[in-house]
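Student: I have a model open and would like to work through it with you. Shall we start with how its helices pack?

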Amino acid sequence: MSSSELINYIVKPGGSLRGEMIVPGDKSISHRSIMFGALADGITKVNGFLEGDDSLATLKAFKDMRVDIQGPDNGSVVIQGVGMHGLKKPASNLDLGNSGTSMRLMAGLLSAQSFDSTLTGDKSLSSRPMKRVTDPLATMGAAISTDDGKAPLCIKGNQKLKAIHYDMPIASAQVKSCLLLAGLYSDGITSVTEPGVTRDHTERMLKAFAYPVNVDGNSVSVEGGHSMTACNLDIPADISSAAFFLVGGCIAENSNLLLKNVGINPTRTGVIDILRLMGGNITLENERMFGGEPVADIRVRSSQLKGINIPTELVPLAIDEFPVLFVAASCAAGQTVLTDAKELKVKESDRIQAMADGLVILGIDAVATDDGIIIQGGEIHSGTVESYDDHRISMAFAIAGLRAKGEIIINNCANVATSFPGFIELASKAGLDISIKA
Ligand code: S3P
């Protein structure tokens, strides 16, 4: 399904979520598996790769830099690593579609290559802030020109990068990862300190590929000049995709759903913590390690949710899950307050405004604030809402249908293909009455 098609969802009210499901592979880890596999010495075999438009954009970009990549074939990808200095100048611009992770991480990596490159993206990606990566990269000696801090990024090759220490002003795994990737090529030790804990997939993957990395509290450092050794990677199911069904299972009547093989890396499990604080009945079964990442089967049952003040330290740990958490808040007794979440305004859409707009249309008292949202739990009515071309807004409103009093129509849902191919099929199988509006 191409993201340029016009696709609107129609969701009929009610339903229960039951049975077992496996959601697609983790998006963050899928991107990194291609990048690290390409730079390693040897052949990397990946299982569970997310065949969504975002991670496929990363895969295509590395093919364009003449890395031999077979697949994806049913989640399996085989990468012939070219080594740290083996990427070749692409014949044209690298189009990264909707994917902020691809653009920000690759900005770091490509700043250190011997060739020039240009990174472009779709309308949403071209409106997202890039100075958060280009400013510290410039301090390292990178030469990147932008359109007033936005894409396209024109990166000049053959710059000698020097290591820096960077105190990140915002908690962002993309910024951290970008600078660490540039640091692999820099003279000396590059270190990054983050103001709050963010996802650590880059650090874990560096270790898996035998690249020395040092983690000390909220600081991570790498020394430039080492190499990576290929390995086999098993990618767990994406907790950000599972989140839709964790909320759905809590809010729908008579639900009992098992989400299998989900990544429960502690830097990603804010959604479970927040739902449990709200009274969500969520249990972890069969906890184990899988490809260097902790995973579990997660069981969710119908729950009586109550509104809470969301602890600010959980915000970076649930950063992608807020659209659907706002649906949970809409179904909870009392008020839910989110603060310290300004970052949500610069995701694929302004996720605070997009959700507030749609929830109000559906009859919920939701007020966007300067850095978050205040939601009073209530009854969800029928209505037509906009996704603002944002995959997670589309899926969040689809889940709202489980507790709605009437039909919900969601406009412009083609972007669901960026992170969750097969969403309609899986959701329908579990018990949501969802289809593409004719
Ligand atoms: C990601 C980091 C997060 C997240 C994004 C994926 C990553 O972005 O929102 O979906 O893979 O590093 P920020 O680092 O900008 O918060």
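Tutor: Happy to. Helices α7 and α9 are roughly parallel to each other, because angles under 35 degrees count as roughly parallel and theirs is about 5 degrees. Bear in mind that this is a predicted model.

Student: How far apart are the axes of α7 and α9?

Tutor: Helix α7 covers residues 239-251 and helix α9 covers residues 322-330. Ala-243, Phe-244, Val-247 and Ile-251 of α7 meet Val-324, Leu-325, Val-327 and Ala-328 of α9. The distance between the two axes is 9 Å.

Student: Now the open sheet of four strands: what is the strand order?

Tutor: Begin at the edges, β4 (68-73) and β14 (232-234), each of which pairs on one side only. Between β3 (residues 43-47) and β5 (residues 76-80) there are four bridges in the antiparallel sense, while the sheet as a whole has mixed pairing. From one strand to the next, the twist averages 10 degrees. The order is β4-β5-β3-β14.

Student: Which residue of β5 stands opposite Thr-44?

Tutor: Strands β3 and β5 pair in the antiparallel sense, and Thr-44 has its counterpart in β5. That residue is Ile-79.

Student: Which strands does helix α1 lie across?

Tutor: Helix α1 spans residues 27-39 and runs at about 30 degrees to β5. Helix α2 (residues 53-64) also packs on the sheet, where it touches β4 and β5. For α1, the strands are β3, β4, β5 and β14.

Student: One last stop: which residue in the hairpin of β12 and β13 takes a positive phi?

Tutor: Strand β12 (residues 213-216) runs antiparallel to β13, joined by four bridges, and Asn-214 has Ser-221 as its bridge partner. Five bridges join β13 (residues 219-223) to β11 (residues 189-193), again antiparallel, with Val-222 as the partner of Thr-190. The hairpin has two residues between its strands, and the phi in question is near 60 degrees. The residue is Gly-217.

Terms used: Residues numbered from 1 in each chain as written. Predicted model: local features only at pLDDT ≥ 70, side-chain atom pairs only at ≥ 80, totals over all residues. Heavy atoms only, no water. Pairing = 2+ DSSP bridges. Axes fitted to C-alpha atoms, helices over the stretch in contact; angles between N-to-C directions. Contact = heavy atoms within 4.5 Å. Parallel < 35°, antiparallel > 145°, perpendicular 65-115°, else oblique.
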